[in-house]
Amino acid sequence: EKNPKTNLKDLLKTIRAMQDNGVPLYVDSIIANKGVQIMSAHASKGLEYEQVIMMDCTDAWMPSRGGHNQNYKFPDTITLSGEKGSEESARRAFYVAMTRAKMTLTMTYSKHNGAKDVSACKFIHETEESIHPMEVPDSLIKDTILSKIKGTSTDIKVNDEYIAEALEDFELSFSAMDTYQKCPISFYYRYILKVPAIEKEHLAYGNAMHYGMEQFYRDMRKNKKEFGPKTDIIKHFLEYMNKNEHQFTSENFNRYRERGELALADVIKDFNPKTSSRVEQKIGNCHIEGVPVKGFIDRIDFLTEVDVANVDYKTGKYDKKEYLPATSDFIGGQHWRQGFFYFALIYAQGLENWVPKSTTFEYLESSEKPTVEMDSVGLGLIRQQIKEVSSSINKQDFANGCGEETCQWCNLQKQIKL
């Protein structure tokens, strides 16, 4: 199982132990018709390519007298074609790599490895093929790389067909819509290219708080609609935190854990859960203004048999700006839009003829419980926003970002412009 506490030192120690004991490290082989194939000399046996580049063709290929190669060593039990002697095995591997080229073979090496001088592998000079050495100055390499970087287009231009394919089954969630409204560049990287990013600590902490509340209700469902002790909320919170400890620094992990325990201890004092509530209500396979949409609602409480009130858990501090309603020239605060997005979702799904009346945002670290009340004007505005955002996305309008100094995706674009 994955050990979240493993660091680089422990990983290297494990790999060395595997090497010493002959335990193989299995990897997935990714083969594509187009692109650059990266492989070892042994793995290339039986394959052919128009162009082959052999890197680091120095004396590192030669087995050292001390038994340790600068880069790696061949296992003592492995030779090619039954030869004995590690030098002959290395020579054969070098020959295998050379003969993979059908048209052009390029062998590269550096004369220096840090402060240490290195020399070209002697196998190069043993070949009878015509070799044309060419020394490449460091300044030329640097200038070439810089020219490539500076010549990179600052506009986001990816194959239109790729973007169209990425959007083919795309369903607009509130998170996706909010991301686009704040920064189209961010939306592009996160939802089109799906660039992985490390989850920020405060988001992991928020997920842990949500998990504690959610699992408390799920336990009730499993236990014939009987709630367990409210302290189980804290227990589930700690389960999530411990499982995801690797997402925090050691110091911040303890700080967030203590912070969450104290906050939830206050929550459960006045917490009166209802067995009729729905948690993590998933809504999908529906359309708003012709736009495929989806979403998750943390909790839905029943006011009557059909009237419902949505509940969304929040961590952090209450900010009244997030609840300002939309106008003709203002899209509205984030939480106002979220509340009305949920209203529109429920109406679009037609969930058991439910009638949404409100969305309450319960702050788990304070007593704040601001509520967004349902009204037809706000519902019309959010539906129009959904339609406009979807139209812009399908037009592939991702060129302009938010420009905020803290936006990692806009900063990435700035780096490309250098």
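Good morning. Among contacts in the protein chain between residues at least 6 apart in sequence, 67% join residues at least 24 apart. I begin with that value, computed from a predicted model, and I shall return to it with one particular residue. The chain has 418 residues, of which 34% are buried. Its secondary structure consists of 13 helices and 9 strands.

Five strands, in the order 5-6-7-8-9, form an open sheet with mixed pairing. Which strands stand at the edges? They are strand 5, residues 278-288, and strand 9, residues 371-373. Each has a single partner strand, so one side of each is left without a neighbour in the sheet. On average, neighbouring strands of this sheet are turned by 40° against each other, direction ignored.

I now take the pairings in turn. Strand 6 and strand 7 pair in the antiparallel sense over 4 bridges, and they form a hairpin with 4 residues between them. Within that pairing, the bridge partner of Asp-301 is Ala-309 in strand 7. Strand 7 and strand 8, by contrast, pair in the parallel sense over 8 bridges. There, Val-311 stands opposite Thr-360 in strand 8. Finally, strand 8, residues 355-363, is joined to strand 9 by 3 bridges, and these two strands run antiparallel. Ser-358 has Glu-373 in strand 9 as its bridge partner.

Please look at strand 7 on its own. How many of its residues are buried? The count is 8 of the 8, so strand 7 is largely enclosed by the rest of the structure. Asp-307, Ala-309, Val-311 and Tyr-313 point one way from the strand, while Val-308, Asn-310, Asp-312 and Lys-314 point the other way, and all are buried. I would draw your attention to Asp-307, Asp-312 and Lys-314, which are among these buried residues.

What lies against the sheet? Helix 11, residues 334-349, lies across strand 5, strand 6, strand 7, strand 8 and strand 9. Helix 11 runs at about 145° to strand 8.

Helix 6, residues 174-182, and helix 12, residues 376-394, pack at an angle of about 70°, and their axes are 10 Å apart. That angle makes helix 6 roughly perpendicular to helix 12. Which residues meet there? From helix 6 come Met-177, Tyr-180 and Gln-181. From helix 12 come Ile-382, Gln-385, Ile-386, Val-389, Ser-392 and Ile-393. By class, this contact between helix 6 and helix 12 has 6 nonpolar, 3 polar and no charged residues. As a general point, an α-helix has 3.6 residues a turn, so residues three or four places apart point the same way.

Helix 7 is mostly covered, with 8 of its 9 residues buried. The buried residues are Pro-184, Ile-185, Ser-186, Phe-187, Tyr-188, Tyr-189, Tyr-191 and Ile-192. After helix 7 comes Lys-194, whose phi is positive, near 55°.

Where is Leu-167 placed? Its place is in the loop between helix 5, residues 160-166, and helix 6. Is Leu-167 buried or exposed? Leu-167 has a relative accessible area of 12%, and is therefore buried, the cut-off being under 20%. Leaving aside residues up to four places away in sequence, Leu-167 touches Ile-192, Ile-393 and Asn-394. Leu-167 and Ile-192 are 25 residues apart in sequence, and their C-alpha atoms are 7.6 Å apart in space. Ile-192 is one of the buried residues of helix 7, and Ile-393 is one of the residues of helix 12 that meet helix 6. Thank you for your attention.

Conventions
Residues are numbered from 1 along each chain as its sequence is written. This is a predicted model: local features need pLDDT of at least 70, side-chain atom pairs count only at pLDDT 80 or more; totals for chains, interfaces and linings use all residues. Side-chain values use heavy atoms; hydrogens and water are left out. Axes are lines fitted to C-alpha atoms, for helices over the stretch in contact, and angles run from 0 to 180 degrees between N-to-C directions. Angles under 35 degrees count as roughly parallel, over 145 as roughly antiparallel, 65 to 115 as roughly perpendicular and the rest as oblique. Contact means heavy atoms within 4.5 Å. Ala, Val, Leu, Ile, Met, Phe, Trp, Tyr, Cys and Pro count as nonpolar, Asp, Glu, Lys and Arg as charged, and the others, Gly among them, as polar. Two strands pair if DSSP finds at least two bridges between them. Buried means under 20% relative accessible area, exposed over 50%, partly exposed in between (1.4 Å probe, protein chains only).
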